[in-house]
Amino acid sequence: MHTLDDFDIRILKTLDTDGRMAYSAIATEMGVSNTMVHQRISRLSDQGILEGTKPVLNEKKLGYDWGAFTGISLEKD
């Protein structure tokens with residue numbers, strides 16, 4: 001179990017809203033240094049709390065009326 005402090009939580013909430021936000025913008029918003037934000041995000045990544053970045057697509061804006069996901073599970077006998 002990882003312990004998150006208020007700064008970690010604020011950083012995670014900010015990244016959840018806009019994952020492309022610059023570290024400097026996060027730092028300014030939080031009133032801390034860029035270095036602190038960079039170190040925190042690196043630590044959260046190293047601990048596996050942050051696992052990369054991924055785009056969230058809006059299917060309707062891409063011209064689709066609906067979307068579907070299919071999952072396959074394989075088991076070895």
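In which helix does Asp8 lie? Asp8 is part of helix H1, helices being DSSP runs of H or I with at least four residues, numbered from the N terminus. The model is predicted, so local features need pLDDT of at least 70 and side-chain atom pairs count only at pLDDT 80 or more, while totals for chains, interfaces and linings use all residues. Residues are numbered from 1 along each chain as its sequence is written, and side-chain values use heavy atoms, without hydrogens and water.

Asp8 is buried, at a relative accessible area of 1% (buried: under 20%, 1.4 Å probe, protein chains only). Apart from neighbours within four places in sequence, Asp8 is in contact with Thr3, Arg40, Arg43 and Leu44 (contact: heavy atoms within 4.5 Å).

Leu44 also belongs to the largest nonpolar core, which has 10 residues in all, including Ile11, Leu15, Ile26, Met30, Val37 and Leu50. Such a core is a set of buried Ala, Val, Leu, Ile, Met, Phe, Trp, Tyr and Cys residues joined through side-chain atoms within 4.5 Å. At least two residues of this core come from each of helix H1 (6–17), helix H2 (23–30) and helix H3 (34–46).

The largest pocket has a volume of about 490 Å³. Of its 18 lining residues, Leu15, Gly19, Gly52, Thr53 and Lys54 are the closest to the centre. H1 gives the most to this lining, with 4 residues, and H3 supplies at least two.

Key: Buried means under 20% relative accessible area, exposed over 50%, partly exposed in between (1.4 Å probe, protein chains only). On a 1 Å grid over the protein atoms alone, a cavity is a set of points where a 1.4 Å probe fits but cannot get out, and a pocket is an open set with protein on both sides within 12 Å along at least five of seven lines; lining residues have an atom within 4 Å of a point. Grid points are joined across faces, edges and corners, and a volume is the space filled by probe spheres set on the points.
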